[in-house]
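This report concerns the packing of helices and the salt bridges in one protein model. Please consult the sequence and structure shown below.

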Amino acid sequence: MNMNKYPLIRKIYLYSLALIGLILVVIGGVRLVSLGLKTYIFTKADIYYSYPSARPVKVAGDKTATEFIEPTKEELDEFNKNQASSNRQREAAESIAFMVVGLPLYLYHWTVIKKDRKEE
């Protein structure tokens, strides 16, 4: 099919995909800036206050009795540190993925648009 036969559809297609690519790059960039702010300025922004449940322990000498031991402060701190680190890495991976997909999409379609403009 000859695309020059439908110039309006071609323009709509090219501008739409260039816009989608640009939006993905902007979203990825915003998320990376947000991640940097959370990591270095608003350090408590991604702390989720969840309390690990108590661990059951069998009582010595009694096979049916069970006691529950509450987690220590060190265990809670380690849990929160690991969760915050995991959240940051997840957010960084998603942001970079947006940019890796969006940038080539935008650049390719914008290049085609500029080439079409020169030919007109």
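E91 is buried, at a relative accessible area of 15%; buried means under 20%, exposed over 50% and partly exposed in between, with a 1.4 Å probe and protein chains only. The model is predicted, so local features need pLDDT of at least 70 and side-chain atom pairs count only at pLDDT 80 or more, whereas totals for chains, interfaces and linings use all residues. Residues are numbered from 1 along each chain as its sequence is written, and side-chain values use heavy atoms, without hydrogens and water.

E91 forms a salt bridge with K38, a term for a side-chain nitrogen of Lys or Arg within 4 Å of a carboxyl oxygen of Asp or Glu. E91 belongs to helix α2 and K38 to helix α1, so this pair ties together parts 53 residues apart in sequence. Helices are DSSP runs (H or I, at least four residues), numbered from the N terminus. The whole structure holds 5 salt bridges, including those tabulated here.

| Salt bridge | Closest N and O atoms |
|---|---|
| E91 and K38 | 3.4 Å |
| E94 and R31 | 2.4 Å |
| K73 and D77 | 3.0 Å |

K73 and D77 are 4 residues apart in helix α2 and therefore separated by about one helical turn. K73 is exposed, at 58% relative accessible area, while D77 is partly exposed, at 39%.

Helices α1 and α2 pack at about 150 degrees, their axes 7 Å apart; axes are lines fitted to C-alpha atoms over the stretch in contact, and angles run from 0 to 180 degrees between N-to-C directions. The two helices are therefore roughly antiparallel, the word for angles over 145 degrees.

Methods. Parallel < 35°, antiparallel > 145°, perpendicular 65-115°, else oblique.
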